[in-house]
Amino acid sequence: MPTNDQVTDALRAVIDPELRQDIVTLGMVRKLDIHANGVVDVTVSLTTAGCPIRDHFQTSVYNAINALDGVVGVNVSFDVLSSDEKQALRGKLGRKSLPEGALAEVKNIICVGSGKGGVGKSSVTANLAAALTAAGKQVGVMDADVWGYSQPRMFGLGGGRARANERRKIEPLVGPEGIKVVSIGFFVNEEQAVVWRGAMLHKALQQFLEDVEWGALDYLLIDLPPGTGDVSMTLSQLLPQAKFVIVTTPQAVAQSVARRSAEMAAKLELEVAGIVENMAGFTTPDGDSYPIFGEGGGRMLAEELEVPLLGQIPLTMALRQHSDGGLPAVISAPEDAASQALVATAKQLISLSPVDLPMMAEPEEPKPVGMSLPVIS
Ligand SMILES: Nc1ncnc2c1ncn2[C@@H]1O[C@H](COP(=O)(O)OP(=O)(O)OP(=O)(O)O)[C@@H](O)[C@H]1O
Ligand SMILES: [Mg+2]
């Protein structure tokens, strides 16, 4: 029978392809039980639940242990690192996260991203912000698409300028219904191209988070640029506590897009909260439905990543027109089918977020009991 040390040593051969270190050094081997009958149970912690390289770990861990003398069976199971453990791992790998205290009053941070451009991330972000606000939540939107920012336009804040307040903090601009918005568009002129990359970009994004007076928010939604570029990587490092919502379209041929989204999710190491399928069919005023962009893509990706499908948003004229018109459709056209689907999606999101415990109710006066015991005479 191999000893604990021997099994651990064997597991040093299993390398995390993304982090490029072995799983023992990374502290991802969580539980190890070597039973007298030659069966070894091992639990490996992944950075995200929907980790597409899970199969890789499954096979390599199995092979590494099974090759040892005396082993007759290997059970590999998985769990997910907590935010604190992820943060510790980042520290070990020399990655930076935000200083303690930044965003202290922000309860939930949600990054809205996709593997591909033009699927409706920015429209979904703006409308989810509006829907969360309508549900009584305090909401901020950070436009992290520094090269193709669109949130100023979505909230009718185009041409706006961000200013510092007396505490030398940047004030977000306030859009409809009190939604706080920060975008690179408030710092540069429309025709000025943003060319930041690397360290400059990292610094700018860090400032958007650290030096902006976001105040108390229930949700900070972050509109990501498409794909796993510098911006997404930087944000996932700065915000290990953030969750990730993937926007996708229903195309069946979107297999490769779905795969790219899944790979992105794993690379970003953020927990995927769920999938939003956008452009899911077009319904005519007569009620006929046409699946213009196909069907099933959202469900497929949700199943692949083992996360919920939070909503399916149909294609509607209102969604496009009102986004371009500076007032999200959820506010300006609440009866629209896409608006309603977005309101439902926001509810799903709320139901997944940790809730504040209700204040302890005042003890009530004891009520008179309605039925009295029969008197035994
Ligand atoms: N459900 C929908 N119905 C109608 N039009 C939509 C819908 N979703 C998005 N659009 C339109 O599709 C276009 C692309 O949407 P949007 O800009 O939100 O996508 P994006 O993923 O943020 O794009 P990019 O990758 O360029 O940032 C916009 O013109 C938008 O108004
Ligand atoms: Mg966009």
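Predicted model: local features only at pLDDT ≥ 70, side-chain atom pairs only at ≥ 80, totals over all residues.
The shell around ligand 1 holds 16 residues, of which Gly118, Lys121, Ser122, Ser123 and Asn278 come nearest. By residue class, this shell divides into six nonpolar, seven polar and three charged residues. At Gly120, a backbone N or O atom lies 2.9 Å from an oxygen atom of the ligand. The side chain of Ser123 places an N or O atom 2.6 Å from an oxygen atom of ligand 1. For Asn278, an N or O atom of the side chain is 2.9 Å from a nitrogen atom of ligand 1. The ligand taken alone exposes 630 Å², and 78% of that area is buried by the protein. Two or more residues of the shell are contributed by each of the elements α4 (121-134), β14 (271-283), β16 (309-315) and α10 (317-324). Helix α4 supplies the largest share, with three residues.

Helix α1 spans residues 4-11, and its buried residues are Val7, Ala10 and Leu11. Viewed down the axis of α1, these buried residues fall within an arc of 100 degrees, so they line one face of the helix. An α-helix has 3.6 residues a turn, so residues three or four places apart point the same way. Asp5 and Asp9 are exposed on the other side of α1. The packing partners of the buried residues of α1 are two strands and a helix, namely β3 (29-34), β4 (39-46) and α2 (54-66).

Asn165 is located in the loop that runs between strands β8 (163-164) and β9 (170-171). The relative accessible area of Asn165 is 11%, under the 20% limit for a buried residue, and Asn165 is therefore classed as buried. Within the chain, the side chain of Asn165 reaches the backbone nitrogen of Arg167 at a distance of 3.0 Å. When neighbours within four places in sequence are left aside, Asn165 is in contact with Glu171 and Glu213.

Key: Residues numbered from 1 in each chain as written. Chains lettered and ligands numbered in written order. Heavy atoms only, no water. Near = heavy atom within 4 Å. Polar contact = N/O pair within 3.5 Å; in protein donor to acceptor, adjacent residues only side chain to side chain. Areas by Shrake-Rupley, 256 points an atom, 1.4 Å probe, with all protein chains shown as cover. Helix = DSSP H or I, 4+ residues; strand = E, 2+ residues; numbered from the N terminus. Nonpolar A, V, L, I, M, F, W, Y, C, P; charged D, E, K, R; others polar. Buried < 20%, exposed > 50% of the residue type's maximum accessible area, 1.4 Å probe, protein only. Arc of directions from axis to C-beta. Contact = heavy atoms within 4.5 Å.
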